[in-house]
Each structure stands twice: as structure tokens, then as C-alpha cells.
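Please look over the structure below before reading the report that follows. The headings take its helices, sheets and loops in turn.

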Amino acid sequence: MAEIILDGVRKSYGKVEVIKGVDWKINDGEFVVIVGPSGCGKSTLLRMIAGLEAITQGEISIGDTVVNELEPSERNIAMVFQNYALYPHMSVYQNMAYGLKIKKIPKDEIDKRVQRAAEILELEEYLDRPPRQLSGGQRQRVAMGRAIVRQPAVFLFDEPLSNLDAKLRVQMRLEIKKLQEDLGITSVYVTHDQVEAMTLGHRLAVLNGGVVEQLGTPIEVYEKPATVFVAGFIGSPSMNLLDAELDDKGGAVTLAGGAKISLPEPLGAQGGRSVTFGVRPEHLKDIGGDANSLRLSLNVRVIEQLGADTLVHGTLGENGTELVARLEGIRAMAPGDVLDLNMAAKSIHLFDSKTGRRLG
Amino acid sequence: MIEHRPIITVLAHLTLILGIAIVAFPIWVTFVAASHDAVRMTQVPLPMWPGDQFFVNLNKAMFEGIAGAGGIPVGMMMLNSLVVALMIATGKIVISLLSAFAIVYFKFPFRMGFFWMIFLTLMLPVEVRILPTFEVVANLGMLNSFWGLSIPLIASATATFMFRQVFLTVPDEMLEAARVDGAGPMRFFWDILLPLSRTNIAALFVILFIYGWNQYLWPLLITTDASMFTVVMGIKQMLESAEQTTEWHLIMMTTLLAMLPPVVVVLTMQRMFVKGLTETDK
Ligand SMILES: Nc1ncnc2c1ncn2[C@@H]1O[C@H](COP(=O)(O)OP(=O)(O)OP(=O)(O)O)[C@@H](O)[C@H]1O
Ligand SMILES: [Mg+2]
């Protein structure tokens with residue numbers, strides 16, 4: 001059991017800075033998910049915590065110990081790799097026991113721990129098999145077993161489910177969540193899967209270009225994205241982001257197409273600047289709405305029927321900005337139609353165009 | 001083959017049989033010659049079918065040798081050859097494994113420099129550097145010793161490259177997983193890399209054993225003491241130094257014996273050998 005503290009952590013490869021100063025406190029027993037686009041430094045950050053990558057600047061502590069100079073095996077961590085990294089010439093049992101054997105833990109204790117882990121992960125019948133005779137999901141479980149038997153203070157996962165097919169991924173996702181809850185071990189999980197990002201962790205860190213753009217509960221990140229990047233990255237389909245002007249009093253925005261929307265709560269002092277106006281496709285409705293809702297009209301271009309939902313792509317005005325709406329159920333409409341959309345005032349987001357920061 | 005026309009099957013078999021006959025005929029001649037006595041071997045036409053002297057010749061060659069060629073028992077030469085071939089094969093494998101390990105997994109100054117130096121030795125087989133090497137071995141007092149026979153042949157660029165290739169196919173995560181498990185470098189080498197290279201080691205062993213066994217020029221040069229002769233150079237010695245008539249029946253018997261160990265090695269390690277050359281199960 002341990003908390004992880006990152007203090008001004010930076011990483012450079014030669015002249016290129018990949019992690020540009022991360023400050024974090026991950027609480028004991030917490031499950032934190034790191035999400036971000038490819039190449040943003042997720043793996044690098046995780047591997048620095050693991051001790052597989054040297055820290056250029058700053059300090060990482062696990063528990064009460066500064067671990068900067070410690071070998072991975074001395075940090076009391078366990079890591080699950082994307083491609084499992086099982087030892088192909090060892091049986092499942094030996095794979096799990098290898099680290100314990102090196103630590104010179106007595107044989108019967110090793111046996112107890114491996115049997116216990118096999119039981120939790122339902123691997124009992126496969127203990128004697130080599131990894132090559134297992135399915136992807138089973139291999140993944142062995143990799144988790146190898147992590148569990150170490151009884152570490154911290155679990156680190158680097159996209160552990162990305163090699164599995166969709167169905168298995170759902171199943172393993174639930175298993176990992178349950179396992180983490182049962183064991184209560186502090187965990188850091190890297191992914192670029194939206195669903196994993198939203199559902200797995202207590203907190204979500206959105207990383208972009210080596211900077212943490214936002215750290216908060218998944219719902220916070222979804223409801224109040226701190227930056228334009230986070231707004232566009234979290235959620236599928238992505239949030240509609242439109243250029244707009246905020247008037248001097250901060251009471252209304254004018255979209256590029258000309259549509260004017262007055263804000264429920266004027267932003268006052270922040271008025272008079274270019275802004276990015278954001279609204280999620282799922283928050284646009286074509287029915288209901290009351291006197292307080294904001295209205296837009298959409299020239300329909302493309303319709304995608306997903307079964308449960310319908311995605312409507314269109315433009316504001318004749319040739320205005322593009323916009324997507326996600327409407328419930330199956331809708332009868334055709335390209336060329338004009339659709340009146342409304343949205344609740346509280347579902348809109350405004351960001352400063354220059355800094356990308358959230359306003360209000 | 002997908003086709004099953006009988007004529008093709010027959011043709012295929014005929015070709016194969018012909019091929020085998022061409023390869024096997026000299027061996028048959030050797031075997032026949034080794035089973036007759038000295039007198040019969042001087043008469044024309046030479047025999048085509050085995051005689052009854054096989055075990056007599058075997059006994060004589062193994063334990064007495066050819067009097068005219070110094071009377072060194074072939075058994076002893078075979079033993080020398082065996083020791084040398086084993087030393088060369090094992091030595092080459094151990095050195096190459098370690099140097100490939102160093103080059104792939106360690107960062108040290110002039111790493112690429114060392115890599116290219118090893119590469120350059122490809123251009124320097126024993127035959128090319130034979131005089132300086134002889135001098136070094138002589139100065140070290142290793143003439144007429146197993147060390148002198150094997151050490152100059154042990155460094156091997158080819159094997160180093162092969163193991164480097166094998167190690168490069170091992171994913172980085174495997175090393176990282178081992179580091180998280182607490183395995184140090186030598187532990188990783190011993191517990192992970194060695195078992196993963198098992199089939200390649202076996203394949204290489206076969207090739208190198210035969211290479212060592214077949215050495216001729218080098219042993220010829222540095223052994224003057226008859227008790228250190230190897231069997232391949234021994235055969236040549238028998239041909240040259242025969243004072244009276246050449247004792248073909250014993251020479252052929254020796255040849256037959258000299259062919260045996262490589263055959264045994266290939267046959268016993270055949271499965272591993274093929275696996276090592278073809279399999280990519282990493
Ligand atoms: N050994 C290295 N030398 C130089 N640059 C590196 C090295 N390793 C990673 N990088 C760079 O660091 C950046 C971050 O890499 P990292 O692997 O952390 O990305 P990631 O967020 O995990 O991406 P992905 O989602 O594709 O796995 C990348 O731009 C990459 O090119
Ligand atoms: Mg990565």
C-alpha cells in the first residue's frame with residue numbers, strides 16, 4: 001500500500017523534451033488512468049515510475065521512499081505490459097514464480113501465492129502449460145498473475161488490453177476493475193481507449209505533448225473539460241468546437257456562421273474576446289427544449305444510423321461550420337433537410353481561443 | 001507435390017536414387033577396401049564386394065596404427081580430434097554468446113567499434129593469419145597441446161552475428177519484465193536468453209563440431225609430437241610417409257572411422273538442428 005508522488009518530473013531524450021514537468025499525488029489505493037494521443041508520453045511517464053526509464057529531472061516517491069535511483073525490482077511495483085512479455089520457455093506456474101524465486105522466497109510460500117493468484121484469475125488448469133498454448137485473454141491473465149504474486153505496493157499497466165478482441169476487452173476490463181477494488185492496490189493504467197478511460201479509474205489524467213492537461217474524476221473531465229484539447233479528446237464522437245466571438249459584456253456569443261446565442265450566466269469581465277464554443281453531439285436535441293434552451297438550425301448533410309442512435313452531420317447555415325448531433329433512436333430524415341436543434345444552457349462550454357483554457 | 005501421376009513419382013525416385021548412388025559410391029569403395037587385406041588391395045581389378053578382414057583391420061588400425069607412418073593408433077588420434085572438436089565448438093559457442101550478449105544488451109564506449117572489429121575478423125580465417133598466429137602460439141608455449149590446437153580457432157564472427165540476431169528478436173519487454181522481476185544481467189542471460197537460444201546453440205554446435213573435426217592445416221602445422229596428431233591430418237601422414245607399399249586397407253579403415261563422429265553428431269542432433277535453422281518461435 002502506498003501513495004505515488006511525482007514532483008516536477010521531466011524527461012528528455014537528447015534535446016527533445018518528452019515529459020514537461022508533471023506534479024501529481026496519487027493516493028493510497030487509488031486507480032488512476034492516463035489517457036492521451038499516441039506519442040504524448042504516457043508510456044514514458046509510466047516507465048519512469050517503474051524505473052525502466054531514467055528520470056531527467058524531478059523526483060518520484062512511492063510510499064515514503066524517493067525511488068529515483070532504485071532498480072525496478074527494488075521499487076515494490078509490478079508491471080503488466082501490452083504484449084504480456086511472458087517468458088516463452090517457462091510454464092505458467094514458472095512465469096508467475098520467477099520473480100519470487102529470485103527474491104529467495106521459500107518454496108511453499110511461492111506455491112501458496114501462485115495457487116492463490118491462479119484461483120483468482122481462474123488459471124488453475126493451465127499452470128503447467130507454456131504461454132504459447134494459451135489464448136490472448138489467458139496470457140493476459142498470466143501477466144496479471146505475475147504482477148499479483150509479487151504483492152506489490154503499486155500496479156502499473158501499459159495498455160494491457162489493446163491486443164485483445166473487443167469482446168474479451170470488455171470482459172477483462174471488468175475483471176481488472178474488480179481485481180483492483182478487491183486488492184486495493186494503488187494502480188496507474190495507461191490507455192488510449194475512451195471507454196477504459198471513463199470507466200476504470202477513480203481519476204483520469206489527460207496527457208498531451210508531455211503536459212497533464214487535466215486531472216480529475218472521469219465525470220469532472222467529461223462535464224468540465226479544462227482545455228479545448230481535453231474537450232475534443234474525451235467523448236465519442238468528439239465535442240463540436242466552433243469559433244465564436246464573445247461580446248463585450250460577456251453575455252452572448254456570435255458563431256462564425258452568424259448565429260447568436262445568449263449565455264444563461266453572463267461572463268462579465270471575461271467578455272470581448274475570441275472564444276471556442278463547444279457542445280457535445282449527445283447534448284444536441286431535436287425535440288423538447290424549453291424557453292431557456294439555446295437554439296441552432298442545422299442543414300443536414302450526412303446521416304449515420306447506428307441503431308441505438310443516429311449521427312447527423314451538417315452545417316450551420318448554408319455553408320457554415322460543420323456540426324454533429326447524436327440523436328436517440330432511429331430517425332427518418334434526408335440530406336438537405338433543415339433541423340432545429342436545441343441544447344440546455346448548462347451543456348455548453350467556452351474556451352479562450354488563445355490559451356485554450358476554459359472560461360467560466 | 002500436388003500431382004500424383006505415377007510416372008512423375010517414378011522419375012522422382014530414380015533421380016533421388018541416382019543422387020544417393022553418386023554420393024554413396026565412394027563411401028562404399030572405402031568400406032570395401034577397409035575389409036580386405038593388404039595383398040588383395042595391390043591386385044587389379046580392385047574388389048567391389050566386402051572381404052572378411054574388416055574386424056582384423058579395425059583392430060589393427062584402432063590400436064596399432066600404421067607402422068610406416070609412426071605407428072600411432074587411430075583410436076588415439078580420434079580421441080585427440082574429439083577433444084579438439086569439442087573444445088572448438090564449445091569455446092566458439094561460449095565466446096560468441098557472451099560477446100553477442102555484451103553487444104546487444106550493454107552500452108559501453110566504442111560499442112560499435114568493437115562490433116566492427118569482430119566483423120573484420122570474418123576476413124581473417126586461420127589460413128590468412130597462419131604465420132603470425134603460429135608465432136603467437138609458439139611463444140606462448142602451446143605447440144603440441146590441445147590449447148594450441150583449439151584456441152586460435154575459437155573466435156568466431158559468424159556465431160557472434162547469429163546470436164546477435166537471435167537476441168535482437170527477443171522483445172525489449174522481456175528484458176524489462178525480467179528487470180521488474182529482479183533478474184540481474186547474468187541471471188537474465190542464464191534464465192531467459194540461453195533457453196531461448198537453445199535450438200540455435202544446438203544447430204551451431206553441429207556445424208562447429210564438424211568444422212573443428214575437419215581441421216587439417218592448423219593441426220599439421222603446430223603438432224610435431226605424434227601423440228597430439230588428429231585423425232584428419234593423420235590420414236594424410238599415412239599416405240605420405242609410407243616407406244614400403246601404401247597400406248590402403250588400413251588407410252581406408254581410418255577414413256571410415258574419421259567419418260563416423262560427424263555422422264553420429266548430425267544424426268543425434270538432427271531434429272534440434274533443423275529446428276534451430278528454421279523455427280522462429282519467440
Ligand atoms: N528511446 C527514445 N528515444 C527518443 N525518443 C523517444 C524514445 N522513446 C520514446 N520517445 C519519444 O517520446 C515520445 C513519447 O513516447 P511514448 O512511448 O511515451 O508515447 P505514448 O504516449 O506511450 O504513445 P502510444 O500511445 O503510441 O504508446 C514519442 O514522441 C517518442 O517518439
Ligand atoms: Mg505507449
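## Terms and basis of the model

A crossing of two helices is called left-handed if the near helix is turned anticlockwise from the far one by less than a right angle, and right-handed if it is turned clockwise. Helices (H or I, at least four residues) and strands (E, at least two) are DSSP runs, numbered from the N terminus.

This is a predicted model, in which local features need pLDDT of at least 70 and side-chain atom pairs count only at pLDDT 80 or more, while totals for chains, interfaces and linings use all residues. Residues are numbered from 1 along each chain as its sequence is written, chains are lettered from A and ligands numbered from 1 in the order in which they are written, and side-chain values use heavy atoms, with hydrogens and water left out.

## Confidence in chain A

The predictor's confidence in each residue is given as pLDDT, from 0 to 100. Chain A has a mean pLDDT of 89, with 99% of its residues at 70 or more. Within chain A, strand 3 (residues 31-35) has the highest confidence, at 95, whereas the lowest is found in strand 13 (residues 260-262), at a mean of 81.

## A helix pair in chain B

Two packed helices are described by the angle between their axes and the distance between the axes. Axes are lines fitted to C-alpha atoms, for helices over the stretch in contact, and angles run from 0 to 180 degrees between N-to-C directions. In chain B, helix 9 (residues 172-181) packs against helix 10 (residues 185-196) at an angle of about 150°, and their axes are 11 Å apart. That angle makes helix 9 of chain B roughly antiparallel to helix 10 of chain B (angles under 35 degrees count as roughly parallel, over 145 as roughly antiparallel, 65 to 115 as roughly perpendicular and the rest as oblique).

Helix 9 and helix 10 of chain B cross in the right-handed sense. Their contact (heavy atoms within 4.5 Å) brings B:Met174, B:Leu175 and B:Ala178 of helix 9 together with B:Phe188, B:Ile192 and B:Leu196 of helix 10. By class, this contact has six nonpolar, no polar and no charged residues, where Ala, Val, Leu, Ile, Met, Phe, Trp, Tyr, Cys and Pro count as nonpolar, Asp, Glu, Lys and Arg as charged, and the others, Gly among them, as polar.

## A helix pair in chain A

In chain A, the axes of helix 3 (residues 107-120) and helix 4 (residues 136-149) come within 9 Å and cross at roughly 135°. That makes helix 3 of chain A oblique to helix 4 of chain A, and the crossing of helix 3 with helix 4 is right-handed.

## Two open sheets in chain A

Two strands pair if DSSP finds at least two bridges between them. One open sheet of chain A has six strands in the order 6-7-8-3-9-10, with mixed pairing. Strand 6 (77-80) and strand 10 (211-216) of chain A each have a single partner strand, so one side of each is left without a neighbour in the sheet. From one strand to the next, the twist averages 15°. Strand 6 and strand 7 (residues 154-158) of chain A run parallel and are joined by four bridges, and A:Ile77 stands opposite A:Val154 in strand 7.

Another open sheet of chain A has four strands in the order 17-16-15-18, with antiparallel pairing. Its edge strands are strand 17 (322-328) and strand 18 (338-343) of chain A.

## Two loop residues

A cis peptide bond, with omega about -5°, joins A:Ser236 and A:Pro237. A:Pro237 is placed in the loop between helix 8 (228-233) and strand 11 (240-246) of chain A.
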